[in-house]
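Hi,

Here is the structure I promised to pass on. Have a look at it first, and then read on for what I found in it.

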Amino acid sequence: MSLRLAPGEALLVAGRNGSGKSTLLRVLATALRPDRGTGAAFGFDLVRERDAVRRHSALLGHQAFTYETLTALENLQVAARFLGRGAGRGDLLPLLEEVGLADRADDVVSTFSAGMRKRLALARVLLQDARLVLLDEPYGTLDPPGFVFVDRLAEAVRRRGATLVMATHLLERGTAHCDQALLLAEGRLAWGGRAADLPRAARAEGLQEC
Amino acid sequence: MLSAALRKEALLQWRGLARTLAVLAFGGTALLLFSFAGGPDSGALREQAPGYLWLALLLSSTLALSESFDGEQEQRALEGLLLLPAPAAVLFYGKALANLLQLAALGSGLLPMAVVLYDMPLPRPWTLLGILVLGSAGLAAPGTLYAALSARARARQTLLPLLLFPLVVPVLVACVKATSLSVTGDPMGQLRSWTLLLVCFNAVYWPLCGLLFDRVVES
Amino acid sequence: MTREEKSGRLGGAFLLIGVLLLLFGSYLGLAVAPRERFMGDVQRIMYVHVPTAWNAMLCLTAAFVFAVAYLWKGGWRWDCRLEGALEVGVLLSGLLCVQGSIWARPTWGVWWDWDPRLTTTAVMFFAFLGIIALRSFVDDPAQRATWAAVATIVAYVDVPIVYFSVRWWNSLHQMQSSPATVSPAFYLPLRTNAFGMLFVMAGFITLRARLARRRLAAQLAPPPALTRAAS
C-alpha cells in the first residue's frame, strides 16, 4: 500500500481486529521497524532519522506508557523532564484537569482503572504537543464522558494545524474528525478514499454492525 | 537529560523500597543457609566468609536487576520514554547507576550480617566499601543490559542468571580475593592487582553496554 | 544451481574432507607417532585435544565476527551463520571440557584441575549455552537476531578477562604446559587433525546456517490463509 498525508490532514484507519491498524500506527511512530517498505514523516525517514520523527510525533498506544508505582502527576513529570518542559505542579495540573484526572493527580497509577490510565495517556499526548498525533483506539476502555475528551483532543490537534491519524472501530465518531480514511484487511489495504464514504465501504467489507 | 533519567530512577527506587528490603532479606537468608553448608566450624566459616558474602550478593543481584525492569515493562513505560525521544544510552546509564547504588547498598546491608554470622573481622572498612562499589559496578553494567533483554523474553527468571553468572566470573573472583585480602591482610600487595582487574572489567563493560543498549530496546 | 543447493554441497564437501583428514590424523597419532617418554599413551589424547582447543576458539571468534557483522551491516545471513557458529562453538567447548577431564584424571589424579585454559573454556561453554537458550526463548526473529548478536559480543569480550582472572586466582598452582611437541612425528598428526577439525567445523556451520535459513524463510513467509486470500 502507498499513502500520502499532507500536514494538517486527518486520516481514519479502520479494519477488523488483527488487520494491521496498530502495526501501521506503531510503524509511523517508529515504535516498530518495518520489515519491508519505506516511510517518512515531515521528510524524515522512519528508520534512518528515527529521532527526528520521534521529536515531532506522539503516540497513544494500547499500553499507557505509565510507571505503575508513580502517581499520575509524577508520571507526567518524568515525561516533561525528558522533553525539557516545565515539570512543576502548576505546569502539569492543567493537563490533568483537561482529561478529568485533576482530583486523582496524587494517586498511584496502579490504583487506576483502564479508562483512567487511558486518560492519563491522553494527558501525555497533550503534553507532547506534537505535529503528528497518532491515536490507536482512543475511545477503547473510556466511558462516554471520556469520549468527549478524545473528541476535544482531536479538535484541538486539527485546530493547531497538526496531522492526525486515528485508528478506531467507532466509525461515526472517527469520520467526524477525519478527511481521509482507509480500510485494512489482513495487513493489506482493502479500501481508501474520503472519510465520508467510509461507512459504505465498511458495510461492503462486513465491518459495520447493522 | 541524564539528570532527568536519574530523577526518574530515584523516584522509582524510593517507591520500590519495600522490594529492595525484601531482596535484602533474601540475601540474609542465603547467608544463613551458607553457614549450614559450610559450618559449624567457626574457623572454616571465617575463612569462607568473603566468598559467601559475594555469592549472597550475586544471588540477590539477579532479583534486584530483574525487578528494576518490571515497572518499565508493565505498561511499556520505557518504550514511551524512547518515543519522546529520550536517548537510549541516557536511559541505560540512569538505570545502571541506580542499580549500582542499589547493589552497593545491598552489599553494605549484607556485610554486618556476615560479620555477625561468620565472625568476619573488618580491619579496613573503607577499602572494603571501595571493593563493594567496584564489584557492584561490575555486576550492574552487564546486569542492566541483560535484565532489559530478559524482561521481554520468555523464561526470564532463568535467563537472566544463566546469561549473567558466567559473564561475571571475573568480578566474583576479584571481589572475593580482594575482600579476603582486606580482611586477613595483604603482605604481598596483591590487593592492587585485583582492584585493577575490577577497574578493567568496568572500563570495558560500562561503555560497551551503553553502546549496545540501543539495539536491545529497539524493536 | 540455487544458493540453497550450493551451500548444501559446500557443507557436505567440507565435512567429507574434514572426516578424511581426521581419520588420517588419528591413524598417525594412534599408530605411527612414537610413544611419549614420560606420559605414555595418555599423551596421545593431545592429538584431538589441542586441535579441538584451537578450533573452539576459532569458532567462537567466528561467532563474534558474525555478530558484529549482523549489528553493523544487518542481513539475515549473518544471523543464520551466527546461529551455526554458536552451536558448533558450544559443542566444541563442551568436547574440550570432557577431553580435558579425561586427560587430567590419569595425569594428575583428578577430574578437574582448575587450569586457566580449561576453566575459561568451561565458563565460555555456559556463557554461550545461555545465548543458545536466549535464542529459543524469543519468538520475534529480528529481536532474536539482535539480542543474540549483542549477547555474543558481550560474552566474547569476556574471554581474556576470565582467562586472566582465573590465572591469577590459581597462581599458587604451577602452570601446566602442554607436552612439548618437538619432533615432526608429533607435529604431523596434530596439524592433520587441526585441519580436519577445521573442515568439519566449517561444514557443520555451513549446513547449520542453511537449516537456519530455511526455518527463517518458513517463519517469515505469510501464513497460508493470507496467501490464499491474496491470490
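Before the interfaces, one term: two residues are in contact here if their C-beta atoms, placed from the backbone, lie within 7 Å. Please also keep in mind that this is a predicted model.

**Where chain C meets chain B**

On that basis, the contact between these two chains draws 25 residues from chain C and 26 residues from chain B. On the chain C side, the elements that contribute two or more residues are α4 (116–136) and α5 (141–169). Of these, α5(C) gives the most, with 16 residues. Sorted by class, the side of chain C that touches chain B has 20 nonpolar, four polar and one charged residues.

One helix pair lets you look at this contact in detail. Helix α9 (residues 169–184) of chain B packs with α5(C): their axes come within 9 Å and cross at roughly 30°. An angle under 35 degrees counts as roughly parallel, so α9(B) is roughly parallel to α5(C). The crossing of α9(B) and α5(C) is left-handed. From α9(B), the residues that make the contact are Val169(B), Pro170(B), Val173(B), Ala174(B) and Lys177(B). From α5(C), Ile161(C), Val162(C), Ser165(C), Val166(C) and Trp169(C) take part. By class, the residues of this helix contact divide into eight nonpolar, one polar and one charged.

**Where chain B meets chain A**

The contact between chain B and chain A takes 22 residues from chain B and 22 residues from chain A. On the chain B side, α1 (2–15), α4 (70–74) and α5 (77–82) are the elements that give two or more residues. The largest share comes from α1(B), with six residues. The class breakdown for the side of chain B that touches chain A is 10 nonpolar, five polar and seven charged residues.

**Inside chain B**

A helix pair within chain B is also worth a look. The axes of helix α6 (residues 88–118) and helix α7 (residues 125–150) of chain B come within 8 Å and cross at roughly 135°. That angle makes α6(B) oblique to α7(B), and the crossing of the two is right-handed. On the α6(B) side, the contact includes Phe92(B), Asn99(B), Leu103(B) and Gly107(B). On the α7(B) side, Leu132(B), Ser136(B), Ala140(B) and Gly143(B) are among the residues involved. Taken by class, the residues of the contact of α6(B) with α7(B) divide into 11 nonpolar, six polar and one charged.

**Inside chain C**

Chain C has seven helices and zero strands, and along the sequence its pattern reads α-α-α-α-α-α-α. Of its 231 residues, 43% are buried. Among the contacts in chain C with a separation of 6 or more, 81% join residues 24 or more positions apart.

Helix α1 (residues 3–32) of chain C has 30 residues and reaches 42 Å from its first C-alpha to its last, close to the 44 Å expected at 1.5 Å a residue. Which residues of α1(C) are buried? They are Gly11(C), Phe14(C), Gly18(C), Leu21(C), Leu22(C), Gly25(C) and Gly29(C). What covers these buried residues of α1(C) includes α2 (46–73) and α6 (184–220) of chain C.

I would also point you to Glu83(C), which lies in helix α3 (residues 76–108) of chain C. Is Glu83(C) buried or exposed? A residue is buried if 20 or more other C-beta atoms lie within 10 Å of its own. Glu83(C) has 26 C-beta neighbours inside 10 Å, so it counts as buried. Leaving aside residues up to four places away in sequence, Glu83(C) touches Arg135(C), Arg208(C), Ala209(C) and Ala212(C). Phe38(C) is 45 residues from Glu83(C) along the chain, and the C-alpha atoms of the two are separated by 42 Å.

**A helix in chain A**

Finally, in helix α1 (residues 21–28) of chain A, the residues Lys21(A), Leu24(A), Leu25(A), Arg26(A) and Leu28(A) are buried. Among the elements that cover the buried residues of α1(A) are β1 (10–15), β5 (132–136) and β7 (180–185) of chain A. α1(A) is followed by Thr30(A), which has a positive phi, near 65°.

Happy browsing, and best wishes

Technical notes
Residues numbered from 1 in each chain as written. Chains lettered and ligands numbered in written order. Predicted model: local features only at pLDDT ≥ 70, side-chain atom pairs only at ≥ 80, totals over all residues. Helix = DSSP H or I, 4+ residues; strand = E, 2+ residues; numbered from the N terminus. Nonpolar A, V, L, I, M, F, W, Y, C, P; charged D, E, K, R; others polar. Expected span 1.5 Å × (residues − 1). Buried ≥ 20, exposed ≤ 12 C-beta atoms within 10 Å, placed from the backbone. Axes fitted to C-alpha atoms, helices over the stretch in contact; angles between N-to-C directions. Parallel < 35°, antiparallel > 145°, perpendicular 65-115°, else oblique. Left-handed = near helix turned anticlockwise from the far one by under 90°.
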